[in-house]
Structure formats: C-alpha cells, structure tokens
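Dear colleague,

Please find below the structure for your review. My notes on the aromatic side chains follow it.

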Amino acid sequence: MYDFLIIGGGVIGCALARELSRYNATVAVAEKENDVCALESRVPAAICAARSMGCGDPVAARYAALGEKMFRAYAVASDIPYIKTGCTLRFTPERARAVAADCGRYGIRFESRGACGTDGENPEEMFFPDAGMTDGCDAVYALRENAAAGGAEFIFGFSVSRCERSDGSLTAVASDGRRLTARRVINCAGSGGGPVARALGDFIYLRHAPVDMEVVRCDKPLGSPLFVGRDMLLPAENGCVAGTVGGCIPRSVPVAAGCRDAAARMAAAAGIDCSEPRACSVLRTFSDSMIFRPGNAEGVTHVLGAGVGGLTAAPAVAADYVRSAGLVRKNGAIPAVRRFPRIRELSAHERNALARMRADYAELVCAVPPVTFGEVREAVARGAKDAAGAARRLLRAGERGGVRFTEAVRRAAAERRV
C-alpha cells in the first residue's frame, strides 16, 4: 500500500511526486500512456503568472503568482532549463484593468505601455518583467527523474476504470485488472480528469480547448513571448513558435492552415515577418476554472483545470498540498538528477572533450540537428520507450531524426534488455 497515489503524469502530477518524495511517504504515479509528457510536443513554454490574471479565477491567479516567484529556484533545484525574458501581453481595456487589479493584489510587477494600435480588440499592451521561458517537456522529464530519485514509483499504461474503498484506503483498478492501493489519491489526470473523477465517485466536467502551434522562421529574433488575445508568439531556436489557444480554429479547418493564420496575425502584431512553416502540433488542454479541492470520498483530492498555466502554477500547487498533508521531511539530502549533455548546446571544444571521455558521444546518429548515440542511450535509460519518446527529449519542434535515429533508439533499447 502506498501513502499517496497520483493519477496522471503531467506537470502537476510530476511536481507533486517530486515534492512528496522529499518526505517520509511512499508515492506512486499512475499514467495511462507509456511515458510522462507522452502527448505533448516539445515547444517553448512561458512562465508568466499574468496569463492567469483578470479572468475571475482567484485560485488559478494565486497559484500562478506564487509559482512564478518560485520557479527560478525550483528550476535550479531540479535542473530545469529556464531563462528570465519578460513577457508582453495585449488585452482589451476592460481585461487590462482586471489584470492590473489582480497583479496589484498578488504582487506581480508590470509596466503599462498604453494603446498599441487601432485594433479595437486588443489595444492595451502590458509588459511583465519577471516572466520567463522554459521547455515544457524538459521540465516534466526533470521532475519525473528527480521524483524517482527520491523513491517515487511510476506505473505506465495504467488507465483507471473504477475505484474500491475499504478500511480507510482506496484501490484504483485499471482497465487491464491491475490494482494500486493507497491511503490518499490525487487526481491530476489533466484532460482525462473527468472520467477519473467519476471513477473516484465525483462528477467534474472539464471543457476542452485545442492549442494549435506551428514553428515558423522570422526575420529578426524575438526577445520575449508575445500574447495577443488567444494568439501567441514564443521565441525558439532559429525562429519562433506561433499558435492559437482555445477553440479559435474550427476543427474542420486543417491545423496547419489555422496556424498560418495565427502566424500572420502575430507577425503583424509584432512587426516581423514569419515564414517557412516547418511543423505543427496539437496540444490538448482544458479551459474551465482551476479545481483544487477534496473529493467526496475521504482521502481524495482533485487538482485539475490549470490548463496552459499549469507549468507556472505547478511549484506552488505541489508545495501547498504537501504543506497541508503535515508530512515529516526525510533525513539527509536527496541528490538532484542533472540533465545529460546535449551536443547541440556545447562548444566545439566541449564536444571534443566529451567525445574523448565517452566514445558513444562521438558517434553521430543525426547530423542536422546533431545528435549522438550517447544522447540516445541516455534518453532511453531515462524513460524513452520508443523513437517518439527519444525525439521529445532530444529534438525540438519541427525537427526529424530520420532512419538512423530510429535505429539508434532500437539499439539502445536492446542494450538495456540484455
């Protein structure tokens, strides 16, 4: 029996697992896919509390504000890539006033830049200097690895179908018959949180919204994220990521076409030329108010609805839950799991030095972008089950590994089975 069973291996679930693993408690994470972050694409993510402000959701606003302030130290502790860039958002005048009020309430710094054009929908521009950028997938992988180092157990392919209660414990039963028993259950199943809540005896309705994104090149570097209404433009290597959130694109319209529309709108708003679309991806999120409350059954807690602000809120949500649980911290420090080297991030001198120390880092399996067999081996050792999982760890949005990359993943997986 576990002390805590977390259902869902997304950013909130992995953040909770990482935090709980620092205390004297046994922790399990049940994820229905074969890996954490399995349905996401590796695109930049903004750590910006202001995106949750002015929307009439005080729970989301409070956790986003706390999470933004915690994220820098959090990233250092878990070796999550993070850079402070600031973030620009444009609002209608009414929403801008609500955002300013929330920012004052929660201590979020901002600079009001006034009207930014003749567009009647989004004329007010605000800059938030404490916002930053990270890689969403890298963040979830780092949280999972650091949680596992603390003793948290991850069970994959576990799709909860029903729940049984007895003697102060709850047993989650998977569709394939597997059973996990715990004293407390936390529902962090994201877009699947509604069915999981019903299996736990609660009814929670989550309204889903698509996030359609496409990598495009631009004629000048973008220093910080820009959000205009539901459209977004995020800095990325050799270009930027453009997209739209929340059902702006009719589902009958091809995603790529909708993304190009968003890219064109954002190019006009930012005064830059976006062209040469390289790839697109669809991410699913949910748009209702954030839910952080006990379930009807004793020992059940639902943490759902953070949506696109989940990465910003995750540190604060995890810390708040653990504080309310009244746990005792483990004796001794748990060493953080550090990121393994990425050849593309190293200088020529560093690459040569690494290749002399490890022969597998001298074997290229992909030339553009550069990826070595050593990196593939590390990705497989840290949880990649297939070529798609390795690609999410090693490649950016719009990049393809090719046949040699896939063969390298198979070879690394075979080595681990021997």
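In which helix do Phe-71 and Tyr-74 both lie, and how many residues apart are they? Both belong to helix H2, which covers residues 58-78, and they are three residues apart, about one turn of the helix. Please note that the model is predicted.

A search of the whole structure finds six aromatic pairs. In one of them, the ring centres of Phe-71 and Tyr-74 are 6.2 Å apart and the planes meet at 50°, so this pair is classed as tilted. Phe-71 is buried, because its relative accessibility of 1% falls under the 20% cut-off. Tyr-74 also counts as buried, at 7% relative accessibility.

Phe-71 has a further partner in Tyr-82: the ring centres are 5.3 Å apart and the planes stand at 50°, so this pair is tilted as well. With a relative accessible area of 18%, Tyr-82 is buried, because the value is under 20%. Together, Phe-71, Tyr-74 and Tyr-82 make up one aromatic cluster.

Two arginine contacts with aromatic rings may also be reported. Arg-342 is positioned over the face of Phe-340, 4.1 Å from the ring centre. Arg-411 is placed over the face of Phe-373, at 3.8 Å from the ring centre.

Yours sincerely

How values were computed
Residues are numbered from 1 along each chain as its sequence is written. This is a predicted model: local features need pLDDT of at least 70, side-chain atom pairs count only at pLDDT 80 or more; totals for chains, interfaces and linings use all residues. Side-chain values use heavy atoms; hydrogens and water are left out. Rings of Phe, Tyr and Trp (its six-membered ring) pair if their centres lie within 6.5 Å; planes under 30 degrees apart count as stacked, over 60 as edge-to-face and the rest as tilted. Helices (H or I, at least four residues) and strands (E, at least two) are DSSP runs, numbered from the N terminus. Buried means under 20% relative accessible area, exposed over 50%, partly exposed in between (1.4 Å probe, protein chains only). A charge sits over a ring if NZ of Lys or CZ of Arg is within 6 Å of the ring centre and within 35 degrees of the ring normal.
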